[in-house]
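Please look at the sequence and the structure below before reading on. The paragraphs that follow take the parts one at a time.

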Amino acid sequence: MALITITKWILLWMLLSVTMKPIQGQQQQVPCLFFLGDSQFDNGNNNLLLTSAKANYPPYGIDYPDGATGRFSNGRNIADFLAQLLGFAEPVPAFATARGSDIIKGVNYASGAAVILEESGIQLGDRISLDRQLLNHRLTIARLSLLLSKQSSSVNDYLSKCLYAVNMGSNDYINNYLMPQFYPSSRLYTPDRFAEILIQKFSGQLRTLYNTGVRKVAVFGIGLLGCLPQELGMYPTNGSPCVDFINNYVQLFNNRLKPLIDNLNSNLPNAQFIYINITSISSGDPSVIGIRVGNAPCCVVSRRTGQCAPNQVPCSNRNEYAFWDNFHPTEILNLGTASRAYNATVPSDAYPVDIRRLVQQQN
Ligand SMILES: *[C@@H]1O[C@H](CO)[C@@H](O)[C@H](O)[C@H]1NC(C)=O
Ligand SMILES: *[C@@H]1O[C@H](CO)[C@@H](O)[C@H](O)[C@H]1NC(C)=O
């Protein structure tokens, strides 16, 4: 028992020491890095929005050097770790606050509660939907062409070497299909039909991204939403560790992502889309990275929102928890996810290649 614990902590320490600090003089593996997504990637874009999907108050950020920045975690999020793994010395700036030449190395457009379908998540207030994130990317491209004082073809050439990570869909379930008191979708559509509607819209959005000159795109699947503490508190599980019907709904969406990636890669010239399989990444034994509590949040959550209640003291053993609040992973789990998306531990983590190999591919 003691030996197993020590081994776990050595593994955890190795994982942390490899990736917590940027390696001195490490080369940036891509000229720029862009994030489109929801609260898994958001690093402050919601701070000035009228919404309850905000994380710019303590105890959020308790383990982040700048404190509560709007990241939905105790520390770094997946976007922060991906930037580090790709050799970036700094996190990618949030679109809301990026100014001037900040944007040359990339921009983070992600917004907590953001959605594929424009109508999802409206009950929480404002959020920057994927459609609006794509419009913001158009603005960045216009600014970049001025900054680089080049022809638009050169900006295209520059952007084609950059990496784009897209993480979307969770809120179309949590804050739409699974919320019949606010949204009619579950009465109008079967789970299969709803997944198809999401994929059709998402497919168009990924094509729009491609049409702006983007070539290298890592598309993250939806995680096991039926295992979120919020859902465990709302539905009976009949002895299962998770709410199985929710995971089954989400799987209908995820199952369509591999064919979508194949379709985009074969129909769009030079497209290099990959699928990050969160089902695979989260199917491993979390105790190998020291996680012991997988079904309860670390912070004291507000009953109304499922997010951390302001200014309450959270658990102190944060590296032993998978969840920070009722919806969002702790820093340690974000590190595990980012590490496997970057360098797959098993082949099913990423298709057809992981991020490390994607950025090495020629255009
Ligand atoms: C994703 O991972 C799951 C669980 O390991 C696996 O069953 C599924 O086939 C994977 N999907 C792809 C497209 O690799
Ligand atoms: C990728 O992971 C494997 C083990 O899964 C490890 O041996 C290798 O060093 C890692 N490579 C990088 C570049 O992180």
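In this predicted model, ligand 1 is surrounded by Lys258, Tyr275, Asn277, Ser280 and Ser348. Sorted by class, the shell around ligand 1 holds 1 nonpolar, 3 polar and 1 charged residues. A polar side-chain atom of Asn277 lies 2.4 Å from an oxygen atom of ligand 1. Taken alone, ligand 1 exposes 360 Å², and the protein buries 54% of that.

Is strand β4, residues 272–276, enclosed or open? In β4, 5 of the 5 residues are buried, so the strand is largely enclosed by the rest of the structure. In general, the side chains of a regular strand alternate between the two faces of the sheet. In β4, Gln272, Ile274 and Ile276 point one way, while Phe273 and Tyr275 point the other way, and all are buried.

Strand β4 has partners that can be followed one by one. Strand β3, residues 216–220, runs parallel to β4, and 5 bridges join them. Within this pair, Val219 stands opposite Tyr275, and Phe220 stands opposite Ile276. Strand β7, residues 350–351, pairs with β4 in the antiparallel sense over 2 bridges.

Moving on from β3, the next pairing is with β2: the two run parallel and are joined by 5 bridges. Tyr164 has Val217 in β3 as its bridge partner. Strand β2, residues 163–167, is in turn joined to β1 by 5 bridges, and these two also run parallel. Phe35 has Ala165 in β2 as its bridge partner.

The pairings can now be put together. The 5 strands form an open sheet in the order β1-β2-β3-β4-β7, and the pairing is mixed. Which strands stand at the edges? They are β1 (33–37) and β7, each with a single partner strand, so one side of each is left without a neighbour in the sheet.

The helices come next. Helix α2, residues 78–85, has 8 of its 8 residues buried, so the helix is largely enclosed by the rest of the structure. Its buried residues include Ile78, Phe81, Leu82 and Leu85, and also Asp80 and Gln84. Asn77 caps the N-terminal end of α2, with a side-chain oxygen 3.1 Å from the backbone nitrogen of Ala79. Just after α2, Gly87 takes a positive phi of about 85 degrees.

Another helix, α3, spans residues 130–148 and contains Ser145. The side chain of Ser145 reaches the backbone oxygen of Ile141 at 2.7 Å. An α-helix has 3.6 residues a turn, so residues three or four places apart point the same way. Ser145 and Ile281 are 136 residues apart in sequence, and their C-alpha atoms are 38 Å apart in space.

Finally, consider the whole chain. The secondary structure of the protein comes to 13 helices and 7 strands. Of the 363 residues of the protein, 55% count as buried. The C-alpha atoms fill a box of roughly 60 × 55 × 40 Å, taken along the principal axes. How does the radius of gyration fit with a compact globule, and what is its value? A compact globule with 363 residues would have a radius of gyration near 21 Å; the protein has 19 Å, which agrees.

Terms used:
Residues are numbered from 1 along each chain as its sequence is written. Chains are lettered from A and ligands numbered from 1 in the order in which they are written. This is a predicted model: local features need pLDDT of at least 70, side-chain atom pairs count only at pLDDT 80 or more; totals for chains, interfaces and linings use all residues. Side-chain values use heavy atoms; hydrogens and water are left out. A residue is near a molecule or strand if one of its heavy atoms lies within 4 Å of it. A polar contact is a pair of N or O atoms within 3.5 Å; within protein, one must be able to donate a hydrogen and the other to accept it, and residues adjacent in sequence count only if both atoms are side-chain atoms. Accessible areas come from the Shrake-Rupley method with a 1.4 Å probe; for residues, only the protein chains shown count as cover. Ala, Val, Leu, Ile, Met, Phe, Trp, Tyr, Cys and Pro count as nonpolar, Asp, Glu, Lys and Arg as charged, and the others, Gly among them, as polar. Buried means under 20% relative accessible area, exposed over 50%, partly exposed in between (1.4 Å probe, protein chains only). Helices (H or I, at least four residues) and strands (E, at least two) are DSSP runs, numbered from the N terminus. Two strands pair if DSSP finds at least two bridges between them. The radius of gyration is taken over C-alpha atoms; the globule rule is 2.2 Å times the number of residues to the power 0.38.
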